[in-house]
Amino acid sequence: MKPTLHKKRHNVFFVYIVIILIAIGILSLCLLRNATSLRDLENTHHTLYVLGSELKESSEELTKFCRNYVITGDASWEQKYWDILNVRNGKKARSNGRLIALRDSLSKLGITKNEYQKLVEAEDNSNALVWTEKTAFNAMKGIYLDSLSKFTVKGSPNPILAKNILYNEKYHQDKANIMRPIASFRSMINNRFLTKIEDLKDINVHLVFAIIALIISSSVLSFYAILVMRKKIINQLVELRVSNIKTEQTLQNLKNTQTKLIQVEKMAALGTLTAGMGHEINNPLNYIMGAYEVLNIYFEEHGSKDQEMTSMSLTNIKEGINKVSNIVHGLNQFSRDNSNFDEDCDIHDTIDNCLLMLQHQMNDAVIINKLYYKTPIKVKGNVGKLHQVFLNILSNALYAIGDKGQITITTQKDNEQSIRIEISDNGIGIKKSHLHQIKDPFFTTKPPGEGTGLGMAISDTIVKKHKGQLTIESEEGKGSKISVILPLKKLNYDQKN
Amino acid sequence: MTKRIKVLYVDDDHINLKLFDIVFSKKFDVVIAENGVEGIKSLKNNTDIDIVISDMKMPIMNGLEFINKAKDMFPDKPFCILTGFEITNEITDALNTGLIVNYFKKPFNRIELESVIEKVR
């Protein structure tokens, strides 16, 4: 795995997502602004529509009021008529208290020049009609126009004329002349606003689509990024586990190496010591042997006064020499500093040597049963190291039985290829939970200072080096059986220690 | 009467030399020397020596060094080592190359030594 590549990829994802989020933000702002303008446009459109309606309605009302006055002669209708007109022209306050002319209201809302002209035309026409209606009012009061178009001529009121003015063809035409520009104004306003509103709505739909697309793509990207990161996390977990296993292995190797080192150091020191010591003991033994032979010759030539005692003493001297010599030999075999795995090793001799070395630990209540194979068995290997194996197994067996018990040693040929050595005891046995740890370096159940916990670990290593097999069977309270299987034929041993 | 076998025994220990001389003089002619230099001198003076037995650990030169030198001068004579040390790689090599014919361990076994010495006849 290349972390930098992954980091780069993550950075790219991050940048993409941030860019998309910024784009979503900008587009959302645009959408908000458009929605606001759309609302404003719709409001303006509505207001303009209402104002156009007001102009139309006010014109209708003016007609209605002046006709009512002409028909009923009730002066209040004239008053209402002038009120409407004054409100429209901004001379009288509206119901909401504001004082503004309709024309000003319209121009304030931002209308085009053409629209304004239509409005002005409508108002002008309306004002022209007001003049006609004023003529009708005055006819009701008996006031008529002079040659200068001024109401100065007094006469009798003429309701028929007034009615005629308000209902004749011209009046209807003038009325229509007001309504036409208002309709045009409205349609112009409608056209203009509806087009604008439609455009804005179109833009908004596109914006919404774009935002949705961006949200989807950012979601997909985030999802992918999460997937990738998940994969990375899983990878890292796997790596962590692998490195943990490696660390454990390294630790185990370290322990094994440490064990080996301790053992090698110990055995080297012991080897040097016993070799030197062996020589120093063997030399005086050689004197004794020489003297024994000399005495033998002497008594053969000259005879003894007490033949029995002499020969008993001589035999004992020989016996003593042999015993000491064997012990020295056994010690030397055990600790010899030799890495050669090609030596001839007599298994029975080896076990006997080990028993000799352990003799001092055994009291009379310890019984050793030797069930050896009928002929000597020789294997190729390292004599010293095989001594260590059997000394260790026998020493453990002795520890397990304590003061009283039996140790049975069986040797047999499984076939022409291998031999099996079984050492069983009726001692305390091994706890089931400890059984799998027995071969671990530094594992011991002995009190501190009594055992290093290296014995079985070393023995197992040595047996494996001889291409053999060491197995342990045990039942707590009943005893243990250690089996060692060794190949009989010479194999290609690893000469390196 | 057949000539007695002549044995040269080299050892720096006087007790060993004396006892060897007493024990083996019964059957063989024994010549003794207390180091390698003396051993070579004895070999030169007694060309009829049949077999040489030498200790390993000695001053001036050790048993194998002595035998190496002596073997150069007397390649036909058999040489043996008698030592308090266990067999070492050096000794194994000497046996394999034929520099020595036998390795004996102290304390010596009279019967074993006699049988080997008698074989030179």
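This is a predicted model: local features need pLDDT of at least 70, side-chain atom pairs count only at pLDDT 80 or more; totals for chains, interfaces and linings use all residues.
**Exercise 1. Decide whether chain A is a compact globule or more spread out.**

Step 1. Chain A holds 11 helices and 9 strands.

Step 2. Compare the radius of gyration with the globule rule. For 497 residues the rule gives 23 Å, and chain A has 64 Å, well over that value. Chain A is therefore more spread out than a compact globule.

Step 3. Look at the box. Along the principal axes, the C-alpha atoms of chain A fill roughly 205 × 40 × 40 Å.

Step 4. In chain A, 37% of the 497 residues count as buried. The chain exposes about 29100 Å², with carbon and sulfur atoms supplying 58%.

Step 5. Check the charges. Chain A carries 63 positive and 51 negative side chains. The centres of these two sets are 13 Å apart.

**Exercise 2. Run the globule test on chain B.**

Step 1. Read the elements from the N terminus. Their order in chain B is β-α-β-α-β-α-β-α-β-α. That gives 5 helices and 5 strands.

Step 2. Apply the rule. A compact globule of 121 residues would have a radius of gyration near 14 Å. Chain B has 13 Å, so the value agrees.

Step 3. Read the span. The C-alpha trace of chain B covers about 40 × 30 × 25 Å along its principal axes.

Step 4. Buried residues are 53% of the 121 in chain B. Its accessible surface is about 5800 Å², and 52% of that belongs to carbon and sulfur atoms.

Step 5. Check the charges. Chain B has 17 positive and 19 negative charges, and their mean positions lie 5 Å apart.

**Exercise 3. Describe the contact between chain A and chain B.**

Step 1. Count the residues. Chain A gives 24 and chain B gives 20.

Step 2. Size the area. About 1900 Å² is buried between the two chains, and carbon and sulfur atoms give 54% of it.

Step 3. Find the main contributors in chain A. H279(A), N286(A) and Y287(A) lose the most area to chain B. Together they make up 31% of what the chain A side buries.

**Exercise 4. Is S126(A) buried or exposed?**

Step 1. S126(A) lies in helix 4 of chain A, residues 113–141.

Step 2. Apply the cut-off. Buried means under 20% relative accessible area. S126(A) has 3%, so S126(A) is buried.

Step 3. List the partners. Leaving out residues up to four places away in sequence, S126(A) touches S59(A), R88(A) and I178(A).

**Exercise 5. Examine the backbone at K467(A), I60(B) and P107(B).**

Step 1. Recall the background. Most residues other than glycine have a negative phi, and most peptide bonds are trans.

Step 2. Take K467(A). Its phi is positive, near 60°. K467(A) sits in the loop between helix 11 (455–465) and strand 8 (469–475) of chain A. Its relative accessibility is 46%, so K467(A) counts as partly exposed.

Step 3. Take I60(B). Its phi is also positive, near 70°. I60(B) sits in the loop between strand 3 (51–54) and helix 3 (63–73) of chain B. At 64% relative accessibility, I60(B) counts as exposed.

Step 4. Take P107(B). A cis peptide bond joins K106(B) to P107(B), with omega about -5°. P107(B) is in the loop between strand 5 (102–105) and helix 5 (110–118) of chain B.

How values were computed. Residues are numbered from 1 along each chain as its sequence is written. Chains are lettered from A and ligands numbered from 1 in the order in which they are written. Side-chain values use heavy atoms; hydrogens and water are left out. Helices (H or I, at least four residues) and strands (E, at least two) are DSSP runs, numbered from the N terminus. The radius of gyration is taken over C-alpha atoms; the globule rule is 2.2 Å times the number of residues to the power 0.38. Buried means under 20% relative accessible area, exposed over 50%, partly exposed in between (1.4 Å probe, protein chains only). Accessible areas come from the Shrake-Rupley method with a 1.4 Å probe; for residues, only the protein chains shown count as cover. Lys and Arg count as positive and Asp and Glu as negative; His and the chain ends are not counted. The place of a charge is taken as NZ of Lys, CZ of Arg, CG of Asp or CD of Glu. Contact means heavy atoms within 4.5 Å. Buried area is the accessible area (1.4 Å probe) that two parts lose on being put together, summed over both.
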